[in-house]
Amino acid sequence: MRALLAIILLAASGVAAAAEYPALQSKITPLKVTARVYYVQGAPGVASAANEGFNSNAGFVVTGAGVVVIDALGTPALGNALRLAIENVSKEPIRRVILTHYHADHFYGLEALKEAGAEVWAHEAARDYFGSGEAERRREQRSRDLFPWVDESTRLVRPDRWLGEDTEFTMGAVRFEIHHLGPAHSPEDAIVVLPDEGVVFSGDILFAGRIPFVGEADSRQWLERIDVLLKMRPRVMIPGHGDLSRDPARDLALTRDYLLHLRATMGKAVEDFVPFEEAYAKADWSRFANVPAFDAANRVNAYGTYLLMERELLRK
Ligand SMILES: [Zn+2]
């Protein structure tokens, strides 16, 4: 009944106004990090119809001369709810959105922010995502799994500005640094550093409190990037998923230990010519089996890592 109502509302309104979804709107509650920095936090685990696609985080910075948003959440309705939440906090215009990476759970909400006047920035390594057909394939999958929140009319908004390596700018009272850390979780991984606030938006380099989505990621470089993040010693790290961290060294440990475990078990299997199925069945996953998103993500992560370790072995 609820789904049917949502379909009717979507059909009637095009992009659903968040005000029509009281349950959804109430979940988009900005949490204050510093005087100028806020974020909203999605549910643990993977995006699903049950959590209405709200499983990732997004942040925003009120600079005094406009609002800068980091990531845009995973559905058009969520993007709209984020916009309304920002407008409740500040009357400054939403001027810019910086995407940490072009994964479906972080950018399907862009449309509403663009309509508010924001310019979208992302690293140029995301061009392949659009050029390869991956963007459309992912939307088809999301249309099945997240209907009616995502369907074939969901716009895949591209950046207005493609970024090269590292970029800096100042807006109002806030200095921003954008560092390219990919390829790690994705080719285009970017982090947003606010040096004067002591805050880093890490995107999906850090998954707090859940099994990361690894898939085809380059876990060798991802581990190196975790070390880069640790050396920055931020006071606060806002991850792509999960709780904000005031102790990044501790909270990066789960992501790091999990990647190391995947690489050790799958790497050994590849070296010993053990087929994937057998290696997966034999591996000891008990340390991670109770962590959120394990059931949804572990097998595909292990398989992607198995293929990666084969490629790494061939290069040796
Ligand atoms: Zn993500």
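Predicted model: local features only at pLDDT ≥ 70, side-chain atom pairs only at ≥ 80, totals over all residues.

Me: What about the overall dimensions?
Reply: The C-alpha trace spans about 60 × 50 × 35 Å along its principal axes. A compact globule of 316 residues would have a radius of gyration near 20 Å, and the chain, with 19 Å, agrees with that.

Me: How much of the chain is buried?
Reply: Buried residues account for 47% of the 316 residues. Among contacts with a separation of 6 or more, 67% are between residues 24 or more positions apart.

Me: Which residues of the largest nonpolar core touch the most other members?
Reply: They are V69, A72, L82, V97, L113 and V192, in a core of 86 residues. Helix α9, residues 248-271, gives the most to this core, with eight residues.

Me: And what does V192 touch?
Reply: Leaving aside residues up to four places away in sequence, V192 touches I70, I98, F176, I178 and F201.

Me: Changing topic, what is the strand order in the open sheet of seven strands?
Reply: The order is β1-β2-β3-β4-β5-β6-β7, and the pairing is mixed.

Me: Why is one side of β1 and of β7 left without a neighbour in the sheet?
Reply: β1 (31-32) and β7 (161-163) stand at the edges, so each has a single partner strand.

Me: How is β1 joined to β2?
Reply: Two bridges link β1 to β2 (residues 37-40), and these strands run antiparallel. L31 stands opposite Y39 in β2.

Note on methods:
Residues numbered from 1 in each chain as written. Core = buried A, V, L, I, M, F, W, Y, C linked by C-beta atoms within 7 Å. Buried ≥ 20, exposed ≤ 12 C-beta atoms within 10 Å, placed from the backbone. Helix = DSSP H or I, 4+ residues; strand = E, 2+ residues; numbered from the N terminus. Contact = placed C-beta atoms within 7 Å. Pairing = 2+ DSSP bridges. Rg over C-alpha atoms; globule rule 2.2 N^0.38 Å.
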